[in-house]
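Reader: Hey, I'm new to this one. Can you walk me through it while I look?

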Amino acid sequence: QKMAQKKDTDSFRRTWDTTHFQQLANERAAKEEEAKRVKIPKMKQGEKALLKPRPQDVDLESTVGKSIMISNDPVSQSSAGFYCKVCDCVVKDSINYLDHVNGRKHQRNMGMSMRVERSTLEQVKARFAAHKKKAEAKLEVREYDLDAEVAAQREEEERVRAEKREKRKQRKRKGKG
């Protein structure tokens, strides 16, 4: 702790070096302001990309029933939930996480505007044709081989049993070791 030099010997109270601490506070405020400017860059309307679909699905089913800490960030380790690297925030559950990822603030931080590109007539027709082909492919009757289906089901059951046996063996080895 920095204290100022005692000006008179009769004073028994501490006197703090206010200029030093004011300088530290100003430096900290400047760093925080710089961090805000770096984190969310302001984009002009012309620079923002139009809203696009995500190339990958958001995988929430893989963490069902598990308790895991998702982030290495010391700020977010104090609370559990889903961590968004782009916005540097923690969301408590999967529904709110999906709302956040699809929300305006997150999309703006990703550099997207909330406007969608207008589709042309040809694009719409092509999309309808693709959906029609997909529906027709599902309706096609395929030959059903009962013996092959039963054999595949037996193989799957045998594989599951073998995995369970292997897990039991590993638990026994850990218990003995």
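Reader: Let's just jump in. Where is Trp16 found?

Author: Trp16 sits in the segment before helix 1, which covers 18–39. Keep in mind that this is a predicted model.

Reader: Okay, and is Trp16 buried, partly exposed or exposed?

Author: Partly exposed: Trp16 has a relative accessible area of 38%. That falls in between the cut-offs, because buried means under 20% and exposed means over 50%.

Reader: Which residues form a nonpolar patch on the surface with it?

Author: Trp16 forms that patch with Phe21 and Leu24. Together they have about 280 Å² of accessible area.

Reader: Let me zoom out. How many helices and strands does the protein chain have?

Author: Five helices and four strands. Starting at the N terminus, the order is α-β-β-β-α-α-β-α-α.

Reader: And how much of the protein chain counts as buried?

Author: Of its 177 residues, 12% count as buried. The chain exposes about 16,600 Å², and carbon and sulfur atoms supply 52% of that.

Reader: What about contacts between residues 24 or more positions apart?

Author: Those make up 33% of the contacts in the protein chain that have a separation of 6 or more.

Reader: New topic: His100. Where does that one lie?

Author: His100 is in helix 2, residues 94–101.

Reader: What does His100 touch, leaving out residues up to four places away in sequence?

Author: His100 touches Cys84, Cys87, Cys89, Val91 and His106.

Reader: I also clicked on Asp88. Where is its place?

Author: Asp88 is in the loop between strand 2 (82–84) and strand 3 (89–91). Its relative accessible area is 38%, so Asp88 is partly exposed.

Reader: What's the phi of Asp88?

Author: It's near 55 degrees, a positive value in a residue other than glycine. Most residues other than glycine have a negative phi.

Note on methods: Residues are numbered from 1 along each chain as its sequence is written. This is a predicted model: local features need pLDDT of at least 70, side-chain atom pairs count only at pLDDT 80 or more; totals for chains, interfaces and linings use all residues. Side-chain values use heavy atoms; hydrogens and water are left out. Helices (H or I, at least four residues) and strands (E, at least two) are DSSP runs, numbered from the N terminus. Contact means heavy atoms within 4.5 Å. Buried means under 20% relative accessible area, exposed over 50%, partly exposed in between (1.4 Å probe, protein chains only). Accessible areas come from the Shrake-Rupley method with a 1.4 Å probe; for residues, only the protein chains shown count as cover. Patches are made of residues with over 30% relative accessible area and no salt bridge: like charges are joined within 9 Å, nonpolar side chains (Val, Leu, Ile, Met, Phe, Trp, Tyr) within 5 Å. A salt bridge is a side-chain nitrogen of Lys or Arg within 4 Å of a carboxyl oxygen of Asp or Glu.
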